[in-house]
Amino acid sequence: MRSTRHSPPRNLSVRIIPVLGLLAALLLAIGGPLAPRATAAANPTARAVRIMPLGDSITGSPGCWRAVLWNRLQSTGYTDIDFVGTLGPQGCGQPHDGDNEGHGGELVTNVADQNLLPGRLAATLPDVVVMHFGTNDVWSAIAPDRILAAYSKLVEQMRASNPDMKILVAQLIPMNPGSCTACAQRVVDFNARIPGWARTTSTDRSPVTVVDHWTGFSTATDTYDGVHPNASGDDKIAARWYPALAALLDAGTPGDPGDPGDPGDPGDPGGGQPSCSASFRAPSVWQGGYQGDVTVTNTSTAPVSGWTVTVAPADGARLTQIWGGTLTTASDGTAAVTNEAWNGTLAPGASATFGFIASAPATAGAPSATVTCTARTASP
């Protein structure tokens, strides 16, 4: 995925950018932590993907789901990434890249009205924005239309900063503070509007992906005050972001050397027919549902221009929300997931990932699903 590393090393404030060159030279001289990962060393043109966590106190005060997410990405091989933001880490009890753009108390409508985001983007130059923003607006009884207008303005500003920006937008976690009895329903009403807004806002070059953080999240067990996540809530938030973010990282950005969408990709060297395989796993399970990930791999010597995966969940489970694909569900619960425009092209051996949330009966056993894949090629 295209990115250009202009930010300071991990966990250092952007205020010390002027000394970055000297610091990097000193660290390299003593074998410091700027050595690239093995895959980057094999591909000297690779650059870390810059990811901005954007939001309010749920994201930044202290926003420990970011630490959980960071370490899960690292442990599963996504090491060539850089969390960016004009704010630094706030503890969380585990090492992580704590740079973020989560400003406690901010309203997304104020950020849009006051044009606060362009300066933050210019200072950090993200490739991906992970946004959970609007809780304070909902609490303040601001109309959904106005909040979504603010979302649209921020997206315009993101694309002005980077035309290839990839944007993950959360359906907000539930809210039920003692001082706002109407807040719980307001979140439900606002979340219901987000998918439609995203469909009209997304583009092939700069997709907007909705990630459901509401389903399966309990204000009673996953927050400490009806609003802010506790450790259990942090784990659930990270678990929802992970597959959507992993899918973007797996897909890359058109224009990077070696990406399957680059001009000059070779044709089928062996003249074989395109084929693909699919594999399923459930990284997160809770009462009444689970999160599933499906990895699609081109198993042929021919390039694949698109794919469809059939997902048949066991024990009466049904897919309720998806990212990285388009969902069609049959009456028996079998789901067909077709690639998005940005992750359908797979070179031989390349993979893409999509994720989903499934509801399941209370009597269901461990999550399982039968997955099969059908590949497509471009029309001659």
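The model is predicted: local features need pLDDT of at least 70, side-chain atom pairs count only at pLDDT 80 or more, and totals for chains, interfaces and linings use all residues. Residues are numbered from 1 along each chain as its sequence is written, and side-chain values use heavy atoms, with hydrogens and water left out.

Student: How many disulfides does a search of the whole structure find?

Tutor: A disulfide is taken as a pair of cysteine sulfur atoms within 2.5 Å. With bonded cysteines counted along the chain, the pattern is 1-2, 3-4, 5-6. The search of the whole structure finds three.

Student: Which parts of the sequence does the pair Cys64 and Cys92 tie together, and how many residues apart are they?

Tutor: The sulfur atoms of Cys64 and Cys92 are joined at 2.1 Å. Helices (H or I, at least four residues) and strands (E, at least two) are DSSP runs, numbered from the N terminus. Cys64 lies in the loop between α3 (57-60) and α4 (65-75), and Cys92 in the loop between β2 (81-83) and β3 (101-102), so the parts tied together are 28 residues apart in sequence.

Student: Is Cys373 buried or exposed?

Tutor: Buried means under 20% relative accessible area, exposed over 50%, and partly exposed in between (1.4 Å probe, protein chains only). Cys373 is joined to Cys276 by a disulfide, S to S 1.9 Å. At 16% relative accessibility, Cys373 counts as buried.
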